[in-house]
Amino acid sequence: MGTDHTELYIDERAMFDMVDSIPKYYDEPFADSSQIPSMLVAGLAAKDVTVVLSGDGGDEFFCGYNIYDNVAQAQKLDALGNLTYGVCKLPPFRHIGLFEKLPFRVQVVAGNHDKKTKTQLGGRTYINVIDKMLAEGGVPFKFPIEEKYGENNWQARRMLLDEETYLPGDILCKVDRASMKYSIEARCPILDVNVMEYSYRLPHKYKYANGVKKRILKDIAYDYIPRELLDRPKVGFGVPLDKWMRGPLKERLLEMCSMEYLKKQGIFDAAYVNGFISEYLKTGDKGPASGANYSKTAWSFFAFQQWYNEYMFT
């Protein structure tokens, strides 16, 4: 492609230095773990440039996230899910807890019966845990209401939801602070107002068709990039949260959820959080038997406590 590539090889020590710097440079509880590789990339770029271009917005405006596959499938299975939920709530099956015995993926579809939050799949499972983590009097989480978008296509509705919440509240915040840590400016061409307005005028089939996400963008890119590179499964800026929290960060996490510490803090239900984190650390690589993955929940707790230790705890 005629481009110059720079490779960076890092060890875990560099990663953990970034973990320690999160409260200082994000200045608020911020728990998107991809902030760590984002900071590493920003630091590398700062050696040569002062301005960088980002592809942020491409997923939200052109249907690129893997969740959009799940949303499309859930919409097709919605009627069957409602039927399954109804059967599970009949007296003979309710008494034996049939719904709770279903595989987690089935529970997600069958339990998705609130018309106001149809595209927020599986979220209730994790939010219920988070609500239990709060001490009495804590403000429970409220799901954003999707009906206001007036959109029947669940994918398009979820894209609008992400554009309003996830994109500005997480993605752009993450990139802005990761880049400004190294005094470089990050610019997002896809978020140019003309590009965004053009995306709204496009029929949805140009964004998602037959399982192909970001279809129109890929059609353009095929002229420049080999298909075998573009057609690979989507991979985000992930880090091995489970490995870290059950390994090098384990002792720090245990200190954060000790009964004495939590009671002094007064924010969380000490007994529940201590038990939840202890159980998470014992789960191992196979994950919870339910199929739910609580690594992000545990990391969010870690990120909050890390921030709290930096600025609030006396």
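Glu 136 counts as exposed, because its relative accessibility is 85% and the exposed class begins over 50%. The model it belongs to is predicted. Glu 136 sits in the loop between H9 and H10. Along the chain, 133 residues separate Glu 136 from Asp 269. In space, their C-alpha atoms are 7.3 Å apart.

Pro 140 is found in the loop between helix H9 (123-133) and H10 as well. Its relative accessibility is 49%, so Pro 140 counts as partly exposed.

Helix H10 covers residues 154-164 and packs against helix H4, residues 67-76. Their axes are 8 Å apart, at an angle of about 140°. Angles over 145 degrees would count as roughly antiparallel. H4 and H10 are therefore oblique to each other. The crossing of H4 over H10 is right-handed. On the H4 side, the contact uses Ile 67, Tyr 68, Asp 69, Val 71, Ala 72, Ala 74 and Gln 75. H10 supplies Trp 154, Gln 155, Arg 158, Met 159 and Asp 162. By class, this contact has seven nonpolar, two polar and three charged residues.

Trp 154 leads on to another residue. Asp 78 touches Trp 154, along with Asn 112 and Lys 118, when residues up to four places away in sequence are not counted. Asp 78 lies in helix H5, which runs over residues 78-88. Is Asp 78 buried or exposed? Its relative accessible area is 17%, so Asp 78 is buried; the cut-off for buried is under 20%.

Now turn to the start of the chain. Helix H1 (residues 12-26) meets helix H19 (residues 295-311). Their axes come within 9 Å and cross at roughly 60°. That angle makes H1 oblique to H19, since the roughly perpendicular class starts at 65 degrees. H1 passes H19 in a right-handed crossing. Which residues make the contact? From H1 come Val 19, Asp 20, Ile 22, Pro 23 and Lys 24. From H19 come Trp 299, Phe 302, Gln 306, Trp 307, Glu 310 and Tyr 311. The contact divides into seven nonpolar, one polar and three charged residues.

At 1.5 Å a residue, its 17 residues should span 24 Å. The C-alpha atoms at its ends are 24 Å apart, which agrees.

H2 is mostly covered, with nine of its 11 residues buried. The buried residues are Gln 35, Ile 36, Pro 37, Ser 38, Met 39, Leu 40, Ala 42, Gly 43 and Leu 44.

Between H1 and helix H2 (35-45) runs a loop that holds Asp 27. Its backbone deserves a look. Phi of Asp 27 is near 65°, a positive value in a residue other than glycine. Lys 214 is a further case. Its phi is positive, about 50°, and Lys 214 is not a glycine. Lys 214 lies in the loop between helix H12 (193-201) and helix H13 (215-221). With a relative accessibility of 22%, Lys 214 counts as partly exposed.

Ser 54 lies between strand S1 (51-53) and helix H3 (58-62). Its relative accessibility is 15%, so Ser 54 counts as buried. What does Ser 54 touch, not counting residues up to four places away in sequence? Its contacts are Arg 187, Cys 188 and Pro 189. Ser 54 can also be placed relative to Met 15. They are 39 residues apart in sequence, and their C-alpha atoms are 22 Å apart in space.

How values were computed: Residues are numbered from 1 along each chain as its sequence is written. This is a predicted model: local features need pLDDT of at least 70, side-chain atom pairs count only at pLDDT 80 or more; totals for chains, interfaces and linings use all residues. Side-chain values use heavy atoms; hydrogens and water are left out. Axes are lines fitted to C-alpha atoms, for helices over the stretch in contact, and angles run from 0 to 180 degrees between N-to-C directions. Helices (H or I, at least four residues) and strands (E, at least two) are DSSP runs, numbered from the N terminus. Angles under 35 degrees count as roughly parallel, over 145 as roughly antiparallel, 65 to 115 as roughly perpendicular and the rest as oblique. A crossing is left-handed if the near helix is turned anticlockwise from the far one by less than a right angle, and right-handed if clockwise. Contact means heavy atoms within 4.5 Å. Ala, Val, Leu, Ile, Met, Phe, Trp, Tyr, Cys and Pro count as nonpolar, Asp, Glu, Lys and Arg as charged, and the others, Gly among them, as polar. The expected span of a helix is 1.5 Å times one less than its number of residues. Buried means under 20% relative accessible area, exposed over 50%, partly exposed in between (1.4 Å probe, protein chains only).
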